[in-house]
Amino acid sequence: GADAFQLPEEMVEWYRSLDSAGARAASEAKWWQDFLKDQCDGGGWTRNWPIHAKHPELNHLYAHRHSAPMHFVIGRQSPFYIERCFRNDRKRAVWAVYFGPFCSNGDYQVGVGNGGAIAALLDLMTATLGNIYLQGRCPTLSLSVKMLKPVLPMPGLFKAEAWIEKEEAGRLYTKAEFSDGQGLIFDVCEAVLKAKRPSKL
């Protein structure tokens, strides 16, 4: 299990500093703070993320980096810091995502946001939105990401938004956008998920 793969304390401390920088950026981002105030404080949205797809009410237990420690995107070595909200009908989600310096395509200096990092994030976001919508597992069948503009500044805080388009013939069709939170869209995504509703037994 995860206990067999503990990180050295020096690495743990580095990720703590990344999370601190991300939390600070999120607290200073007007678009994110306005969204939390307008939508999550009685506006039909819920802060954080369910710890289990079948129990959306258990959102207060979810902790980035700790709730899924082995996960490539959100685990112990996640290069991101993420704050999350989902609409109460579980058909839409908005995340504030801090891209750390190792999310870039630079070599000896920080470059623009790496396309693979963006695709991995949007893959996770659409799939986990599908999970809480159907209250079960929704594996990704296909993912298409269009890179429209260079993602800057790096490191930096960005807005990821995903929504359910439709459910049809055992498939869940989703879309997502990656932007600066103020109208500038960097990337758009379409993902098709396997829609298997859980047994009601």
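Q: Before we get to bridge partners, what makes two strands pair here?
A: Two strands pair if DSSP finds at least two bridges between them. This is a predicted model.

Q: OK. Which residue in β5 is the bridge partner of R92?
A: W163 is the bridge partner of R92.

Q: And how do β3 and β5 pair overall?
A: In the antiparallel sense, over eight bridges. Strand β5 covers residues 156-168.

Q: What about β2 and β3? How many bridges there?
A: Seven, with the strands again in the antiparallel sense. Strand β2 is residues 80-87. C85 sits opposite V94 of β3.

Q: What's in the hairpin of β2 and β3?
A: Four residues lie between the strands. R90 has a positive phi there, near 65°.

Q: Is β3 mostly covered or mostly uncovered?
A: Mostly covered. Of the eight residues in 92-99, seven are buried.

Q: Zooming out, what's the order of elements?
A: From the N terminus, α-α-β-β-β-α-β-β-β-β. That makes three helices and seven strands.

Q: What radius of gyration does the protein have, and what would a compact globule have?
A: The protein has 17 Å. A compact globule with 201 residues would be near 17 Å, so the two agree. The C-alpha trace spans about 50 × 40 × 35 Å along its principal axes.

Q: How much of the protein is buried?
A: Buried residues are 46% of the 201.

Q: Last one, charges. How far apart are the mean positions?
A: They are 8 Å apart, for 24 positive and 22 negative charges.

Methods
Residues numbered from 1 in each chain as written. Predicted model: local features only at pLDDT ≥ 70, side-chain atom pairs only at ≥ 80, totals over all residues. Heavy atoms only, no water. Helix = DSSP H or I, 4+ residues; strand = E, 2+ residues; numbered from the N terminus. Rg over C-alpha atoms; globule rule 2.2 N^0.38 Å. Buried < 20%, exposed > 50% of the residue type's maximum accessible area, 1.4 Å probe, protein only. Lys, Arg positive; Asp, Glu negative; His and termini not counted. Charge placed at Lys NZ, Arg CZ, Asp CG, Glu CD.
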